[in-house]
Amino acid sequence: MKERAIIEIRLKDGFSAYKIAKELNRSKSTILNEIKRGTTTQIKQGKPVEIADYDFNQIAAVEEWMNTLPRKILGYDTPEQLFEEEDSKLRLCGYC
């Protein structure tokens, strides 16, 4: 999310995709794909809303909600639960 906001801000400041890629240590094609897909803008109730318009607490709340939402594809576990399980396994085996 933070990088997408940076892309949006840099574009408004007139930076090229190459300069943005260099700043974010990403490939130029990755930046161009993000710009092309328009991931810096969301559509909310039919109006475009810029991600940069949200503050950190709002983004953190959505992140928390997404990570604690049970998913059918995960056997009705949450991403957070599965991450904790995998992290525990890695810690037990000493990062194998």
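Mentor: Read along the sequence, the chain runs α-α-α-β-β-α-α. That makes five helices and two strands. Keep in mind that this is a predicted model. Of the 96 residues of the chain, 18% count as buried. Among contacts with a separation of 6 or more, 25% join residues 24 or more positions apart.

Now to helix 2, which spans residues 17–24. Start with its buried side. Ala17, Ile20, Ala21 and Leu24 are the buried residues of helix 2. Viewed down the helix axis, these buried residues fall within an arc of 100°, so they line one face of the helix. An α-helix has 3.6 residues a turn, so residues three or four places apart point the same way. On the other side of helix 2 sit Lys19 and Lys22, and both are exposed.

What do the buried residues of helix 2 pack against? Their partners are helix 1 (2–12) and helix 3.

Take helix 3 next. Two packed helices are described by the angle between their axes and the distance between the axes. Helix 3 covers residues 28–37, and helix 2 packs with helix 3 at an angle of about 115°. The axes are 8 Å apart. Angles of 65 to 115 degrees count as roughly perpendicular, and helix 2 and helix 3 are therefore roughly perpendicular to each other. Their crossing is right-handed.

Now the residues at that contact. Helix 2 brings Ala17, Tyr18, Ile20, Ala21 and Leu24. Helix 3 answers with Lys28, Ile31, Leu32 and Ile35. By class, the contact of helix 2 with helix 3 has eight nonpolar residues, no polar ones and one charged residue. Compare the two lists for helix 2. Ala17, Ile20, Ala21 and Leu24 are buried, and these four residues also meet helix 3.

Helix 1 is the other partner of the buried face. Ile7 has 3% relative accessibility; buried means under 20%, so Ile7 counts as buried. How far apart are the C-alpha atoms of Ile7 and Glu23? They are separated by 9.8 Å, with the two residues 16 apart along the chain.

Last, look at the end of the helix. Just after helix 2 comes Asn25, with a positive phi of about 55°.

To recap: helix 2 has a buried face, exposed lysines on the other side, and helix 1 and helix 3 as packing partners for its buried residues.

Terms used:
Residues numbered from 1 in each chain as written. Predicted model: local features only at pLDDT ≥ 70, side-chain atom pairs only at ≥ 80, totals over all residues. Heavy atoms only, no water. Axes fitted to C-alpha atoms, helices over the stretch in contact; angles between N-to-C directions. Parallel < 35°, antiparallel > 145°, perpendicular 65-115°, else oblique. Left-handed = near helix turned anticlockwise from the far one by under 90°. Contact = heavy atoms within 4.5 Å. Nonpolar A, V, L, I, M, F, W, Y, C, P; charged D, E, K, R; others polar. Buried < 20%, exposed > 50% of the residue type's maximum accessible area, 1.4 Å probe, protein only. Arc of directions from axis to C-beta.
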